[in-house]
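Hello,

Here is the structure I promised to pass on to you. Please have a look at it first, and then read my notes below.

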Amino acid sequence: MKTLRTITDVRAHVGAARKAGRSVALVPTMGAFHGGHEALMRAARERCDEVIVSLFVNPTQFDAAADLAGYPRSEEADAAIAARLGVDVLFAPPVEEIYPAGFATTIRVVGLADVLEGATRGARHFDAVCTVVCKLFGIVAPDVAFFGQKDAQQVVVVRRMVRDLAIPVALEVVPTVRAPDGLALSSRNARLDGAERARATALARGLEAVGAAVADGERDAAAAVAAGRAAMAAAGVQPEYLAVVDPDTLDEVRELDGRVLVVVAAHVGPARLIDNVLIDTEQVATHA
Ligand code: AMP
C-alpha cells in the first residue's frame with residue numbers, strides 16, 4: 001500500500017489504474033479506524049479493482065475547536081489496518097493541500113443540511129462535509145464511493161449533492177457496525193470512560209424501543225418516539241433529538257407507513273454520539 005500526500009500523486013496513480021482498465025473505489029474517512037471503517041474498506045475491496053482510502057480530519061466540519069483538537073489521530077495504526085485489508089492507496093494530505101491559500105468555495109445543500117445535525121451543529125457542518133467530499137471526488141474521480149449508514153444524514157446530503165451536480169459516481173452505503181451490546185462503533189467512543197461507555201448503549205436501546213413499538217403495531221410516530229425516550233431515560237441519557245423522518249427528504253413523519261428513518265443524537269460524557277435505524281413498517285423487521 002502506498003501513502004500519498006498530494007493531489008498530483010493521487011491523480012497520477014488513479015490515471016495509471018484507469019489506463020489499465022481498473023475500476024476505482026474511494027472510501028472517505030477521518031481516520032482512527034475501527035470496525036465501521038473496516039467494513040467500508042472490505043466492501044470497496046470486494047467491488048472495485050483499485051481502492052483509495054482518504055484520511056483527512058477536515059477542520060472546517062468541526063463546530064468546536066476542542067472537538068477538533070481532541071479528535072483521535074493514529075495514522076500509523078490506520079495505515080497498518082488499511083494495508084492488511086488490501087487497500088491500494090492511503091491518501092493523507094496536509095490541510096494546505098485541500099485548502100490552499102485563498103480557498104473560497106462552499107457547496108451547500110439547502111434544506112437537507114439545515115435539519116437534525118444541521119439544526120444542532122449548524123448548517124456549516126454539512127457545507128464543510130459536502131465541500132471536502134466534492135473535492136475528494138474531483139481529485140480521485142472514483143467509480144464508486146463508500147459511506148456508512150451510521151451517518152445517515154451525511155448519506156442523504158451527499159446523495160443529493162451528487163444528483164444535483166451530476167457527479168459521475170455511484171454511492172454505496174454500508175450497514176452500521178455495532179459492538180456486541182449494540183453501541184454503534186465511532187471514533188468518538190474512545191473518549192468514554194467505563195461508566196460513560198455503559199450509558200452510551202442508551203442510544204441503541206432508544207432505537208430498539210422505537211422498533212419494538214412499531215413491531216407491536218404502533219403507527220403514531222410521537223408514541224413510538226415516547227417509548228424510545230423512556231428507554232433512553234431508563235439508561236440515564238437524554239437525547240438531543242430522537243425523531244422519525246422520511247429517509248429521503250428528512251421531513252419529520254407523523255404516521256409510520258413504509259420506510260422510515262429513526263435518528264438519535266445525545267451527549268454522553270465528553271462525546272456527542274449519533275445513531276439511527278431504518279424501519280420498514282411493511283416488513284416490521286428493523287435493520288440498522
Ligand atoms: P469518519 O472517519 O467518522 O468520518 O467515518 C468515515 C466513514 O465511515 C463514514 O462514511 C462513516 O459513516 C463510516 N462509519 C463510521 N462509523 C461507522 C459504523 N459504526 N458502521 C459503518 N460505517 C461507519
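These notes cover the surroundings of the ligand and then the aromatic pairs.

Please keep in mind that this is a predicted model.

Let's start with the ligand. There are 18 residues around it, and those that come nearest are Met30, His37, Asp151, Val177 and Leu185. Gly148 uses its backbone instead, with an N or O atom 2.9 Å from an oxygen atom of the ligand. On its own the ligand has 490 Å² of accessible area, and the protein covers 92% of that.

Which elements give two or more residues to the shell around the ligand? They are strand E2 (24-29), helix H2 (35-47) and strand E5 (144-148). H2 provides the largest share, with 3 residues. Sorted by class, the shell has 8 nonpolar, 8 polar and 2 charged residues.

Now to the rings: the structure holds 4 aromatic pairs. In one of them, Phe62 and Tyr71, the ring centres are 5.3 Å apart and the planes meet at 75°, so this pair is edge-to-face. Phe62 is buried at 10% relative accessibility, and Tyr71 is buried at 7%. Tyr99 and Phe103 also form an edge-to-face pair, because their planes are at 90°, with the centres 4.9 Å apart. Here Tyr99 counts as buried at 16%, whereas Phe103 is partly exposed at 32%. Ring pairs join Phe56 with Tyr99 and Phe103 in a cluster.

Enjoy exploring it!

Best wishes

Key
Residues numbered from 1 in each chain as written. Predicted model: local features only at pLDDT ≥ 70, side-chain atom pairs only at ≥ 80, totals over all residues. Heavy atoms only, no water. Phe/Tyr/Trp six-rings, centres within 6.5 Å; stacked < 30°, edge-to-face > 60°. Buried < 20%, exposed > 50% of the residue type's maximum accessible area, 1.4 Å probe, protein only. Near = heavy atom within 4 Å. Polar contact = N/O pair within 3.5 Å; in protein donor to acceptor, adjacent residues only side chain to side chain. Areas by Shrake-Rupley, 256 points an atom, 1.4 Å probe, with all protein chains shown as cover. Helix = DSSP H or I, 4+ residues; strand = E, 2+ residues; numbered from the N terminus. Nonpolar A, V, L, I, M, F, W, Y, C, P; charged D, E, K, R; others polar.
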